[in-house]
Amino acid sequence: SGDYQVWSTHPEADKARPAVTHWQVSRRYDDYTRMVLQPQTGRGHQLRLHMAECLGHAILGDSLHGRDDPLDEQDGSMKGLVAPRLCLHAE
């Protein structure tokens, strides 16, 4: 588990605001991982950005920050796993 704190970008540095997300691996599968994300702050696209830019893995179905097409199955990753919409669910 871990935490990510990233300062939002703004042309005027004094207006930058922190964005904090707490995360934990819930379950690992062969080609993907289920995560529990808890945003401490509520910045726009915070979870999507932290997953894609900080952890290096976009949320499944995120066509803005991730892939919306299946990866080549010959490289052994994702095995063509795609989603028609963002797979981000709240409890």
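**View 1. Tyr29 is a partly exposed residue.** Its relative accessibility of 24% puts Tyr29 in the partly exposed class, because buried means under 20% relative accessible area, exposed means over 50%, and partly exposed lies in between (1.4 Å probe, protein chains only). Tyr32, at 41% relative accessibility, also counts as partly exposed. Keep in mind that this is a predicted model, where local features need pLDDT of at least 70 and side-chain atom pairs count only at pLDDT 80 or more, while totals for chains, interfaces and linings use all residues. Residues are numbered from 1 along each chain as its sequence is written, and side-chain values use heavy atoms, with hydrogens and water left out.

View 2. Rings of Phe, Tyr and Trp (its six-membered ring) pair if their centres lie within 6.5 Å; planes under 30 degrees apart count as stacked, over 60 as edge-to-face and the rest as tilted. How far apart are the ring centres of Tyr29 and Tyr32? They lie 4.5 Å apart with the planes at 20°, so this pair is stacked.

**View 3. Five residues form the largest nonpolar core.** Here you can find Trp23, Leu37, Leu47, Met51 and Ile59. A nonpolar core is a set of buried Ala, Val, Leu, Ile, Met, Phe, Trp, Tyr and Cys residues joined through side-chain atoms within 4.5 Å. In soluble globular proteins, nonpolar side chains tend to be buried together. Leaving aside residues up to four places away in sequence, Ile59 touches Leu47, Arg48, Met51, Leu86, Cys87 and Leu88, where contact means heavy atoms within 4.5 Å.

**View 4. Helix α1 spans residues 46–54.** Which residues of helix α1 are buried? They are Gln46, Leu47, Arg48, His50, Met51 and Ala52. An α-helix has 3.6 residues a turn, so residues three or four places apart point the same way. Just after α1 comes Gly56, with a positive phi of about 80°. Zooming out, the protein has one helix and three strands, in the order β-β-β-α along the sequence. Helices (H or I, at least four residues) and strands (E, at least two) are DSSP runs, numbered from the N terminus.

**View 5. Cys54 and Cys87 are partly exposed cysteines.** Cys54 has 26% relative accessibility, and Cys87 has 31%. How many disulfides are there? The count is zero, with a disulfide taken as a pair of cysteine sulfur atoms within 2.5 Å.
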